[in-house]
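I opened the notebook for a quick look today. Here is what I looked up, in the order I went.

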Amino acid sequence: MEDDTTTMTCAAARRFSFEINREPESQLSSPRTSCVSSASGFPPWTRSPAPGNTSPTRSRPLLYHCLASLHWSDATISCLAVNKDYIFTGSSSCKVQAWGQPTCTESGSFKTPSGQIRAILATGRSLATSHGDFRVRLWDITNMDRLNSLKLKPRKIITLPKRRSFFSNLRNSNGHKDLVSCLAINSVEKLLYTGSWDHTVKVWKLMEKACVDSFVAHDGNVNAIVLNHFDGCVFTCSSDGTVKIWRRVMREFPHILTMTLKFQPSPVNSLALSCSNSSHFLYSGSSDGLINFWEKEKHSGRYNHAGFLQGHQFSVLCLVTVEEMIISGSEDSTIRIWKRDDRNAFHACLVVIDGHHGPVKCLAAAMETATGALDMVTRSLLVYSASVDQTLKVWTVKVKDNDGCDENDCLIGMANSTEVKMSPVLSPSWVQKKIHGSEC
């Protein structure tokens with residue numbers, strides 16, 4: 001009898017989900033094709049069919065539409081990166097393709113003979129790529145000329161680890177033994193972090209072109225790495241179902257494990273960090289369709305599990321954050337945009353973008369501001385998505401500035417304190433701290 005009562009309580013509490021039950025319907029306009037020259041000699045990127053308009057919304061919508069939709073006919077995009085001027089894609093065809101922002105004007109490509117591009121990272125005027133030969137290459141893209149957009153001629157700076165003679169390869173190498181799945185960079189100290197399916201993380205000092213640290217991070221594939229530039233923490237996640245926090249106590253010393261975060265047995269596919277001067281939140285996307293998040297305590301520096309976001313039907317494959325926005329891509333072919341209220345850490349699912357016909361494999365995002373009539377400043381979120389359906393899409397989402405989630409955006413905020421304590425969406429210890437904090 002007690003077990004039945006507990007089950008009924010949890011089932012009732014699950015009604016108080018972070019996700020809005022009445023999801024705002026999308027409003028789409030026809031996508032614009034990129035300006036691709038037919039004589040460019042590059043593989044044909046073509047416009048995908050425009051998604052049909054949805055039914056009128058029943059609540060306040062978060063307006064969005066597709067700026068560009070490009071289809072790759074003979075390869076799948078495996079990774080995506082953006083900087084101020086360009087969108088970079090890596091694919092199974094061993095090509096890196098560049099597109100001008102934001103309308104996807106073709107800006108050239110280059111091909112490497114080293115296998116599929118598995119991960120890509122744009123930082124400043126440099127581009128880092130990982131390849132099928134388990135190596136990482138760093139490229140100088142300073143000479144990219146927007147006036148001569150079809151010529152992409154990057155200069156290779158280094159290969160990590162650098163190629164050696166046949167006889168030196170017989171000895172143990174400091175390179176990875178399997179695919180390099182993720183990249184992250186510490187721009188201040190010029191350190192490049194690489195995570196691999198060989199379960200290890202390696203740290204490369206770019207100035208010395210050498211591996212300065214290597215450690216077995218997980219019992220499964222390392223799927224993502226993110227860095228907290230505020231406190232120096234390194235976060236990794238894996239198919240073994242864990243998220244781990246690493247730190248260098250001193251610059252000359254190796255990384256040490258400071259905390260293991262494990263809230264569910266599902267493989268963790270992606271990580272994203274949202275930091276400001278007042279708050280630090282870590283998000284992880286897992287194969288059970290949930291996005292778990294942790295909040296950093298201001299005094300102790302510990303990351304406490306604060307809850308999870310539910311809404312995706314299948315695995316969450318990619319995550320990215322911009323300010324208080326969290327964007328998630330899933331195996332269910334949808335993109336969800338969530339907003340966090342920093343006053344109470346409540347989250348709302350503001351919009352569901354349903355424009356792909358296959359799993360959304362990688363995402364990037366940036367905030368864009370514009371000054372219109374009467375000096376009115378408007379903001380929009382640019383979302384870049386690539387899918388197994390062989391398409392690259394660019395979305396613009398109108399952002400409304402307000403003081404956090406209102407009663408329509410954040411249903412969990414309508415629950416009283418007793419109901420919140422019952423909810424399985426919130427971590428009990430986190431809720432207790434919030435309640436005691438509000439009473440003080």
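Is Phe281 buried or exposed? I found Phe281 buried, with a relative accessible area of 2%; buried means under 20% relative accessible area, exposed over 50% and partly exposed in between, with a 1.4 Å probe and protein chains only.

A note on the source: this is a predicted model, where local features need pLDDT of at least 70, side-chain atom pairs count only at pLDDT 80 or more, and totals for chains, interfaces and linings use all residues. Residues are numbered from 1 along each chain as its sequence is written, and side-chain values use heavy atoms, with hydrogens and water left out.

Next, I turned to aromatic pairs. Rings of Phe, Tyr and Trp (its six-membered ring) pair if their centres lie within 6.5 Å; planes under 30 degrees apart are stacked, over 60 edge-to-face, and the rest tilted. I got eight aromatic pairs by this rule. One of them is Phe281 with Phe293, tilted, at 6.4 Å centre to centre and 50° between the planes. This pair links distant parts of the chain, twelve residues apart: Phe281 is in strand 20 (residues 280-286) and Phe293 in strand 21 (residues 291-296). Strands are DSSP runs of E, at least two residues, numbered from the N terminus. Phe293 is buried as well, at 0% relative accessible area. Together with Tyr283, Phe281 and Phe293 form one aromatic cluster.

Last, I checked Thr334. I located Thr334 in the loop between strand 24 (325-330) and strand 25 (335-341). Thr334 is buried, with a relative accessible area of 11%. Leaving aside neighbours within four places in sequence, Thr334 has contacts (heavy atoms within 4.5 Å) that include His312, Val352 and Asp354.

Key:
Helix = DSSP H or I, 4+ residues; strand = E, 2+ residues; numbered from the N terminus.
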